[in-house]
Amino acid sequence: MALKQHLDYKVRYNQQVENSAAYVLPFIEKTMPLGKGKTVLEVGTGEGGVLVPFMEKGSICVGVDLASERIDIANEMLEKDVKEGKVEFLCQNIYDEAFTSRFKNYFDVIILKDVIEHVYEQEKFIPYLKTLLKPGGQIFFGFPPWYMPFGGHQQVCHTKWASRIPYYHILPRPLHKAILRMSGEDEAVIKDQMEIKDTQITIERFERIIKQSGLKVLNKQHYLINPIYQFKFGLTPRKQWAPLTWIPFLRNFVTTCVYYTVG
Ligand SMILES: C[S@@+](CC[C@H](N)C(=O)[O-])C[C@H]1O[C@@H](n2cnc3c(N)ncnc32)[C@H](O)[C@@H]1O
């Protein structure tokens, strides 16, 4: 069943702003002082709301996304700030020559919030992000691990039970597809769900790619209850119980979100 943020972009934008101000920015500030003149890129910016608290601190922000309709909304929501040169929104592939040459070694901070689990070839993508960082720059990742109860992004399903039943996304592909078809989901939703299945990311694989990319984990926080659920569902965010975060594989099933800064 579609949630109100899926139907109303203003709701989605406000949730991005609130979650970023309360959780994303304070988390990044633990390892990187933010403020006037810092350069911040958000990859997969959507409606651009995550960047607002960074802009308010005086950072110069760039948001990039492959979805032109979402970039149009970001430009509409932040029209005044765009005109004043505080933020720029681009509908571009970050591998494009124009993007690479303009932003090589340019950013103090790169943000990927709820994005890395949608990206193909993460082993190539994450080292590439490094080339856009200034020396000493840092990258923030926030994502739901694949094996968490709703790691298949069930929330985008239109039917009630397909959006509320946990864990069926980890069934083999034909069974997963059959469940979606039986519940009456349309082909576009099924295609989206199969894409997430292709790009799925676990805590272990993420940490392995970070290491292979020559990056170090500077800070991490695993959550039993994702901070964004406060704004989406009125739930109180909960950090994961520390001993559970030490148990490889199992921890993925009970951790709805992880935050990392790497550099
Ligand atoms: C779930 S939304 C997250 C939006 C926003 N960051 C937030 O936290 O609400 C994921 C966004 O990532 C974008 N995206 C996926 N792969 C991308 C890529 N390779 N480059 C840029 N954007 C990408 C999608 O178009 C989508 O807007």
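Two notes before you start. Residue numbers count from 1 along each chain as its sequence is written. The model is predicted, so local features need pLDDT of at least 70 and side-chain atom pairs count only at pLDDT 80 or more, while totals for chains, interfaces and linings use all residues.

**Exercise 1. The whole chain**

Task: Describe the overall build of the protein chain, from its secondary structure to its contacts.

Solution: 
- Step 1. Begin with the elements: the protein chain has 14 helices and eight strands. Both are DSSP runs numbered from the N terminus, with at least four residues of H or I for a helix and at least two of E for a strand.
- Step 2. Next, take the extent. The C-alpha trace spans about 50 × 40 × 40 Å along its principal axes.
- Step 3. Compare the radius of gyration with the globule rule (C-alpha atoms; 2.2 Å times the number of residues to the power 0.38). A compact globule of 263 residues would come near 18 Å, and the protein chain agrees, because its value is 18 Å.
- Step 4. Of the 263 residues, 35% count as buried; buried means 20 or more other C-beta atoms within 10 Å of the residue's own, exposed 12 or fewer, and partly exposed in between, with C-beta atoms placed from the backbone. A contact needs two such C-beta atoms within 7 Å, and 68% of the contacts with a separation of 6 or more join residues 24 or more positions apart.

**Exercise 2. The sheet**

Task: Trace the open sheet from β3 to β7 and say how its strands pair.

Solution: 
- Step 1. Write down the order, β3-β2-β1-β4-β5-β8-β6-β7, with mixed pairing. Strands pair if DSSP finds at least two bridges between them.
- Step 2. Look at the edges: β3 (87-91) and β7 (238-239) each have a single partner strand, so one side of each lacks a neighbour in the sheet.
- Step 3. Five bridges link it in parallel to β2 (residues 60-65), and D65 stands opposite C91.
- Step 4. β2 is also parallel to β1 (residues 39-43), again over five bridges, with V43 opposite V64.
- Step 5. β1 and β4 run parallel with three bridges, and E42 faces I111. Six bridges then join β4 to β5 (residues 133-143) in the parallel sense, F107 having L133 as its partner.

**Exercise 3. The covered strands and the core**

Task: Find out how far β2 and β4 are covered, then look into the largest nonpolar core.

Solution: 
- Step 1. Five of the six residues of β2 are buried.
- Step 2. In β4 (residues 107-113), seven of seven are buried, so the rest of the structure largely encloses this strand.
- Step 3. The largest nonpolar core has 50 residues, and V40, L41, I110, I111 and F140 touch the most other members. Such a core joins buried Ala, Val, Leu, Ile, Met, Phe, Trp, Tyr and Cys residues through C-beta atoms within 7 Å.
- Step 4. Zoom in on L41: beyond four places in sequence, its contacts are V62, V64, F107, I110, I111 and L132.
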